[in-house]
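Please keep the sequence and the 3D view open while reading.

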Amino acid sequence: MPPTKNDAIKEVGRIERFFGGIALIRGLPRVALHEILITEDGQPCGVAVGFSERHVEALFFDERFDPLTPVYRGRQIISTRVSDDHDGRVLDGLGRSRDGLPFVSGEFRPLFRTAPPIIDRGRVERPLITGVKIIDSLLPLGRGQRELLIGDRRVGKSTIGLDAILHQRESDNPVHCVYVSIGNKTRHLEDAVRLLRENGALNYTTVVAATADDPYAALYLAPFVGCAIAEHYRDNGGDALVVYDDLSKHAKAYRDISLLLERAPGRETYPADIFSLHATLLERAAQMSAEKGGGSLTALPLIETEEGDMTSYVPTNLISITDGQIYLERSLREKGFMPAVNIGLSVSRLGAQVQPRPLTEVTGGLRIELAQQRELQKLTELESSVSEEAKKKLARGGLILELLKQEQHETLRWEEEVVLFYAVHEGYFDDLPKEDWRRFERLLLDVLRQEDHAALVAIRQGDFSAAVKKKLGTLLTSFKDEFETV
Ligand SMILES: Nc1ncnc2c1ncn2[C@@H]1O[C@H](COP(=O)(O)OP(=O)(O)OP(=O)(O)O)[C@@H](O)[C@H]1O
Ligand SMILES: [Mg+2]
């Protein structure tokens with residue numbers, strides 16, 4: 001093909017300022033936003049991320065780039081390789097191999113894309129089971145949803161994100177997972193990868209990681225690389241789950257970049273476009289319509305608060321972008337209530353419409369029972385005489401709270417959750433001393449896991465008829481008899 005006029009004019013960019021991989025470049029008047037930059041020998045070295053009156057603003061892939069080297073337009077918008085072979089891979093924030101393995105196949109997808117329009121979307125109504133009791137029962141998630149996990153440092157945010165991924169091994173129709181680690185320490189990343197591998201979850205998971213000492217380009221781009229990989233599954237009719245761990249660190253990296261580029265700072269010195277940056281990322285989560293293949297992309301962004309303050313800039317932005325938030329609270333952790341979810345402050349705006357029917361049936365009343373328990377507790381602090389009725393409600397609330405506690409990485413199948421809460425409602429716990437509640441639960445789960453009981457099989461298929469309940473009753477009664485004799 002004869003060279004076009006544009007090709008004939010070789011645009012050269014000269015770096016005027018270079019600091020920590022962030023550059024201001026003169027020249028390159030026709031470069032596009034998110035176009036890659038290359039060196040003389042055609043090697044990609046950076047990406048254009050903005051323009052000022054006199055400069056092209058760019059992020060370089062390597063902080064040690066020699067700023068005297070001229071750069072050229074790559075004439076390609078930044079993209080990442082995606083494929084079905086990405087399962088089990090650990091990539092860097094630019095989508096390159098981090099595990100030393102080569103890529104064998106794949107196509108390239110742009111990192112920055114618009115979200116699917118409404119017309120191409122379907123209703124979010126298929127459950128995404130996390131295996132975390134408190135979420136599946138009270139804050140159910142649906143495929144295609146965006147739910148924020150928010151809380152102070154060390155309250156258990158990453159654990160919930162990773163557990164949701166671990167639990168997908170139980171899913172009948174596979175969910176491809178992407179764990180995006182942004183700005184965490186290398187050790188944290190290694191622990192996460194080991195956890196996924198040891199639990200067989202790496203088989204269906206891609207890890208995209210930009211650690212705290214990686215270049216800004218990697219920190220900035222990592223969530224978009226993760227999203228592009230997940231979109232590959234979504235757009236081919238599959239289901240994907242992306243955990244962004246975490247977007248506060250992403251926002252901070254973007255704030256540093258903007259300050260170093262001398263862009264005008266806004267609230268809390270964050271650049272004003274941080275909202276749209278995160279909105280464009282999270283809007284790509286979707287349930288696609290049947291005509292568009294019916295795939296889904298579910299997003300679980302994590303965000304760190306300081307001293308429980310949800311009203312600061314980045315958390316409020318993300319609360320308004322997502323379909324709900326799971327709020328983790330340090331004081332609950334200190335009381336030993338793990339996962340430390342504050343039920344009152346957490347919402348999933350989709351609610352029961354994304355819950356398997358049998359689970360809705362047994363958990364529908366939990367919120368009310370817990371609210372009543374809280375009210376009664378306040379009352380009993382003032383009054384000494386408590387009616388039998390109130391005592392019962394208090395005990396029931398206490399039992400539910402105890403059973404919502406859960407060890408990390410010990411996820412439950414949803415039909416097991418159904419059996420557990422059914423046993424609560426039918427009073428199987430009522431005459432047990434408090435100390436025995438958790439043991440009763442654990443042994444019951446052991447029994448359920450020993451053989452796939454007919455009642456469990458039926459529930460899994462959505463059948464929670466009187467006949468199934470009767471079978472379940474027989475199972476629970478005989479289990480309880482045995483429990484009491486040991
Ligand atoms: N359900 C649980 N039961 C017991 N311990 C837990 C549970 N969930 C998390 N932990 C422990 O709490 C600690 C903090 O958990 P995690 O790293 O998930 O929190 P985080 O909010 O992501 O922290 P960071 O601020 O470091 O990112 C870890 O030591 C983890 O093992
Ligand atoms: Mg964490």
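Two residues are taken to be in contact if their C-beta atoms, placed from the backbone, lie within 7 Å. By that rule, and leaving aside neighbours within four places in sequence, His232 is in contact with Val82 and Arg109. The model is predicted, and the points below are grouped by topic.

**Nonpolar core**

- The largest nonpolar core has 128 residues. Ala58, Leu59, Ile165, Ala217, Val225, Leu241 and Val242 are the members with the most contacts inside it.
- Helix α5, residues 216–235, supplies the largest share of this core, with 14 residues.
- Ile165 touches Cys177, Tyr179, Leu196, Ala201, Thr205, Leu241 and Val243, when residues up to four places away in sequence are not counted.

**His232**

- His232 is located in helix α5.
- A residue counts as buried if 20 or more other C-beta atoms lie within 10 Å of its own. His232 is buried because it has 24 C-beta neighbours inside 10 Å.
- Between the C-alpha atoms of His232 and Thr360 there are 32 Å, and the two residues are 128 residues apart along the chain.

**Helices α5 and α6**

- The axes of α5 and helix α6 (residues 247–260) come within 9 Å and cross at roughly 135 degrees. The two helices are therefore oblique to each other, and their crossing is left-handed.
- On the α5 side the contact is made by Tyr216, Leu219, Tyr220 and Pro223, and on the α6 side by His250, Ala253, Tyr254, Asp256 and Ile257.
- Sorted by class, the contact of α5 with α6 has 7 nonpolar residues, 1 polar and 1 charged.

**Helices α7 and α8**

- Helix α7 (residues 274–282) and helix α8 (residues 313–321) have axes that come within 10 Å and cross at roughly 35 degrees. The crossing of α7 past α8 is right-handed.
- Ile274, Phe275, His278, Ala279 and Leu282 of α7 make the contact with Val314, Asn317, Leu318 and Ile321 of α8.
- The contact of α7 with α8 consists of 7 nonpolar and 2 polar residues, with no charged ones.

**Helices α12 and α14**

- For helix α12 (residues 388–404) and helix α14 (residues 437–450), the axes come within 10 Å and cross at roughly 55 degrees. The pair is therefore oblique, and α12 passes α14 in a right-handed crossing.
- Leu399, Glu402 and Leu403 of α12 meet Trp437, Arg438 and Glu441 of α14. Of the residues in this contact, 3 are nonpolar, 3 are charged and none is polar.

**Cis peptide bonds**

- Asp245 and Asp246 are joined by a cis peptide bond with omega about -5 degrees. Asp246 is in the loop between β15 (239–245) and α6.
- Met338 and Pro339 are joined by a cis peptide bond, and omega is about -5 degrees. Pro339 is in the loop between α9 (330–334) and β19 (347–348).

- Glu268 lies in the loop between α6 and α7. Its phi is near 50 degrees, a positive value in a residue other than glycine. Glu268 counts as exposed because it has 11 C-beta neighbours inside 10 Å.
- Thr269 is placed in the loop between α6 and α7. Phi of Thr269 is near 60 degrees, a positive value in a residue other than glycine. With 11 C-beta neighbours inside 10 Å, Thr269 is classed as exposed.

Technical notes
Residues are numbered from 1 along each chain as its sequence is written. Chains are lettered from A and ligands numbered from 1 in the order in which they are written. This is a predicted model: local features need pLDDT of at least 70, side-chain atom pairs count only at pLDDT 80 or more; totals for chains, interfaces and linings use all residues. A nonpolar core is a set of buried Ala, Val, Leu, Ile, Met, Phe, Trp, Tyr and Cys residues joined through C-beta atoms within 7 Å. A residue is buried if 20 or more other C-beta atoms lie within 10 Å of its own, exposed if 12 or fewer, and partly exposed in between; C-beta atoms are placed from the backbone. Helices (H or I, at least four residues) and strands (E, at least two) are DSSP runs, numbered from the N terminus. Axes are lines fitted to C-alpha atoms, for helices over the stretch in contact, and angles run from 0 to 180 degrees between N-to-C directions. Angles under 35 degrees count as roughly parallel, over 145 as roughly antiparallel, 65 to 115 as roughly perpendicular and the rest as oblique. A crossing is left-handed if the near helix is turned anticlockwise from the far one by less than a right angle, and right-handed if clockwise. Ala, Val, Leu, Ile, Met, Phe, Trp, Tyr, Cys and Pro count as nonpolar, Asp, Glu, Lys and Arg as charged, and the others, Gly among them, as polar.
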